[in-house]
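The sequence and the structure come first, and the points follow by topic.

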Amino acid sequence: MARAFLIVLDSVGIGGALDADRFFNGDVPDTGANTLAHIAQVCAAGGAENGRSGPLRVPNLARLGLGEAVMLASGDKAPGLEAEVSGLWGAASEVSPGKDTPSGHWELAGVPVPWDWTYFPDAEPAFPADLSAQAARLAGTDGILGNCHASGTEIIARLGEEHIRSGWPICYTSADSVFQIAAHEEHFGLERLLELCRRLAPMLHEMKVGRVIARPFVGTPGAFERTGNRKDFAIAPPSPTLCDWVQGAGRRVYAVGKIGDIFSMQGIDEVRKGKDADLMEHLLDVLGEAEDGAFTFANFVEFDSLYGHRRDVSGYARALEWFDAEMPRIEAAMRPGDLVLLTADHGNDPTWTGTDHTRERVPVLGVGLGEKSIGHVAFVDVAASIAVHLGVPSQGPGRSFL
């Protein structure tokens with residue numbers, strides 16, 4: 001019985017979104033943003049030399065058709081991605097009114113977002129008074145710190161010492177539909193932080209804020225460091241997703257990375273988490289262990305979280321080259337009949353202005369079906385195609401490209 005593996009390279013967009021002019025970084029529309037092409041162009045010009053050097057080297061992804069997908073999506077050239085193609089390749093477009101993690105993942109799983117997300121204004125205070133008061137009440141404190149848009153590492157460095165002194169949680173947001181709470185694992189307590197987020201989440205979800213994120217950290221002033229114990233409390237998908245379809249057919253669903261959080265564990269049997277290097281080992285373990293008919297949904301987030309938002313072209317290029325070097329291990333672990341699809345949930349062009357995601361098409365690359373051009377497809381077509389491959393009923397609007 002066939003197995004399927006859907007791997008999301010978080011934020012690895014390829015430009016060309018027809019509605020990019022409706023999405024912004026500050027006052028600048030995302031028109032022309034192209035995460036992968038711009039990284040490749042900067043590398044080829046010698047502008048990404050921190051920890052690596054020269055043109056972008058991703059021969060395994062190029063062999064699957066990544067360069068062709070970039071050209072199809074946007075008409076832009078990605079230097080270094082020229083190769084003889086032997087995989088399935090195409091470009092997918094999103095229709096959900098957002099360029100965030102839940103929107104992208106839900107739509108890839110067959111469920112476009114039917115509402116507009118709530119975003120907090122880039123002002124101080126950023127949050128309504130009743131929300132701030134509720135956060136403080138649930139934390140058992142007289143107030144909160146932050147109450148603004150901020151980078152997670154920056155706000156911890158700036159307010160971490162005051163947080164330890166006062167005991168007040170650090171609450172902040174970003175251009176995404178999120179409410180983030182940072183707290184010291186030892187002084188505030190990890191379980192206390194998780195319980196605070198868990199109890200506050202229903203209020204935020206009612207407001208159509210996509211996620212409440214626990215951001216624990218450790219260390220001392222001047223040397224604070226976020227830990228791997230982040231947890232997202234996401235609003236539940238509005239209808240059954242690919243994960244539910246597969247689980248409803250009596251098959252097992254594995255989640256690697258933050259997939260379990262994104263889907264509120266709906267339709268998920270088993271979760272394996274960690275940093276991206278750990279996730280690769282988890283994915284390889286699942287490739288070796290998963291039973292026939294199983295579905296595995298994986299997310300590699302560090303392209304986005306460590307390099308896209310921080311506008312670090314060299315770091316992003318290093319991450320792409322690391323993943324590419326791991327592809328032969330993935331392919332070697334596949335069984336006859338397996339399908340591996342690689343895609344992304346949105347863009348995050350590190351050459352772009354601002355620090356937000358960018359509205360882009362995404363690549364769809366496949367291993368297990370030989371060379372095949374699928375052209376332009378929809379995000380929801382990914383779910384429909386996996387359902388067909390696994391032989392389970394598709395309950396969404398997508399059409400299979402297999």
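Helices (H or I, at least four residues) and strands (E, at least two) are DSSP runs, numbered from the N terminus. The model described here is predicted. Its chain is assigned two parts, domain 1 (4-114 + 238-390) and domain 2 (129-232).

**Domain layout**

- Domain 1 is made up of two sequence segments, 4-114 and 238-390, while domain 2 covers 129-232.
- Taken over C-alpha atoms, the centres of domain 1 and domain 2 are 29 Å apart.
- The unreviewed UniProt entry lists residues 3-392 under "domain: Metalloenzyme".

**Interface between domain 1 and domain 2**

- Eight residues of domain 1 make contact with eight residues of domain 2.
- The two domains bury about 750 Å² between them, and 44% of this area is on carbon and sulfur atoms.
- On the side of domain 1, Asp261, Arg310 and Asp356 contribute 44% of the area buried against domain 2, more than any other three residues.
- One salt bridge is found across the interface of domain 1 and domain 2.
- Lys231 and Asp261 form a salt bridge through their side chains, with an N to O distance of 3.3 Å.
- The side of domain 1 that touches domain 2 comprises five charged, two polar and one nonpolar residue by class.

**Backbone features**

- A cis peptide bond, with omega near 0°, links Glu124 to Pro125.
- Pro125 belongs to the loop that runs between α4 (101-108) and α5 (129-139).
- Ser11 has a positive phi of about 85°, although Ser11 is not a glycine.
- The loop between β1 (4-9) and β2 (24-25) contains Ser11.

**Annotated binding site**

- The annotation "binding site" in the unreviewed UniProt entry covers Asp10, Asp345 and His346.
- These residues are spread over 337 residues of sequence, yet they cluster in space, with a largest C-alpha distance of 7.2 Å.
- Asp10 is located in the loop between β1 and β2, the loop in which Ser11 also lies.

How values were computed
Residues numbered from 1 in each chain as written. Predicted model: local features only at pLDDT ≥ 70, side-chain atom pairs only at ≥ 80, totals over all residues. Heavy atoms only, no water. Domains from an automatic or database assignment. Contact = heavy atoms within 4.5 Å. Buried area = accessible area lost by both parts, 1.4 Å probe. Salt bridge = Lys/Arg side-chain N within 4 Å of Asp/Glu carboxyl O. Nonpolar A, V, L, I, M, F, W, Y, C, P; charged D, E, K, R; others polar. UniProt positions renumbered as here; feature names shortened; annotations may be inferred.
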